[in-house]
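User: Could you take a close look at one part of this model for me? I'd like to know how a couple of its residues are placed and what surrounds them.

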Amino acid sequence: MTMNNKFNQAIRQMLIQIFRPLVKIMLRLNVPFHEVADVLRWTYVDVANSHFGINGKAPTKSRISVITGLSRTQVDKQMKTDLLTDDDNHNVWHRAVRVLTGWVEDKDFVDPEGESKVIPLESANEPDFKTLVERYSGGSTYRSILDDLVISGAAEVNSNQVKLLRPYYLTKNDPDDLQKIDFLGVSTQYLIETIDHNINPNCEDPKFQRIVYHDHLPKHLYNIAESYVRDKSQALANDVDEYLAHLIRHANHESDEETIPYVGMGLYFYSGESQQQQKNSQ
């Protein structure tokens with residue numbers, strides 16, 4: 001097998017690994033192949049046009065045709081179409097997560113035992129939910145955040161008192177839940193962007209990205225392992241979130257210093273257990 005064949009085979013295996021879980025989701029959501037193919041075709045042209053010019057100049061349609069393998073007619077058709085919207089829905093769960101983090105970390109909203117307080121919706125005499133949202137949500141109304149937290153099961157309201165039920169934000173397991181679909185897109189984008197940066201020979205200073213892998217874990221210890229990772233990761237996520245928020249709050253926003261669109265950290269737990277459960281349920 002030549003080196004080129006080995007490289008092509010590695011590319012195919014990599015694509016299968018990426019596509020398998022994505023196709024599983026697409027089939028569960030009843031998305032047919034041709035819709036995915038249409039989006040992939042448009043994305044090929046869009047990325048080529050945005051990132052693969054020469055000497056700082058936008059590429060010609062001929063060059064886009066050559067590097068994408070699409071005909072000039074197909075390239076021209078895709079360039080006249082815009083499938084990407086400026087929808088900002090992912091900020092909904094970003095803001096909800098920041099509010100939950102403040103609720104478990106901010107001393108104004110934690111009791112002497114370190115537990116999150118039950119807080120009033122509005123109060124002139126004590127820390128309230130409205131103040132919590134104003135401090136951490138980045139501009140959302142406290143009513144919209146409250147609705148999101150209640151629907152997701154992270155909080156409940158009784159007699160105008162708001163109680164934290166869990167310090168993390170997950171929506172219900174609804175296949176038509178738009179927030180979950182958006183979460184899938186954004187989270188996958190962040191992970192692949194990080195890996196792309198790290199394997200790109202033109203990029204210096206690799207970004208932090210690690211993976212921990214062990215095999216042959218006894219099945220009766222799975223829940224213990226998952227619980228340990230969840231607790232450690234949640235503590236780290238809370239600490240990083242609080243630190244980044246502190247940096248942003250105390251930055252000199254009146255200066256003309258350039259800012260970047262977003263910065264953060266992703267954490268997830270993986271295992272073969274979920275694959276086995278899905279096979280058994282089919």
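Analyst: Happy to! Let's begin with leucine 244, which touches Val263 and Gly264 once residues up to four places away in sequence are set aside. Please keep in mind that this is a predicted model. Between leucine 244 and valine 263 there are 19 residues along the chain, and their C-alpha atoms are separated by 8.5 Å. Leucine 244 has its place in helix α9. How exposed is leucine 244? Its relative accessibility is 23%, so leucine 244 counts as partly exposed, given that buried means under 20%.

Helix α9, which spans residues 222-249, also holds asparagine 238. Here the relative accessible area is 8%, so asparagine 238 is buried. And which residues does asparagine 238 touch, not counting those up to four places away in sequence? The contacts of asparagine 238 are with Thr101, Val104 and Glu105.

For another view of burial in this model, turn to helix α6, made up of residues 129-136. The buried residues there are Phe129, Leu132, Val133 and Tyr136. Around the axis they cover an arc of only 95°, and therefore they sit on the same side of α6. Just after α6 comes glycine 138, with a positive phi of about 80°.

Asparagine 238 has Thr101, Val104 and Glu105 as its contacts beyond four places in sequence, and leucine 244 has Val263 and Gly264.

Methods. Residues are numbered from 1 along each chain as its sequence is written. This is a predicted model: local features need pLDDT of at least 70, side-chain atom pairs count only at pLDDT 80 or more; totals for chains, interfaces and linings use all residues. Side-chain values use heavy atoms; hydrogens and water are left out. Buried means under 20% relative accessible area, exposed over 50%, partly exposed in between (1.4 Å probe, protein chains only). Helices (H or I, at least four residues) and strands (E, at least two) are DSSP runs, numbered from the N terminus. The arc is that of the directions from the helix axis to the C-beta atoms. Contact means heavy atoms within 4.5 Å.
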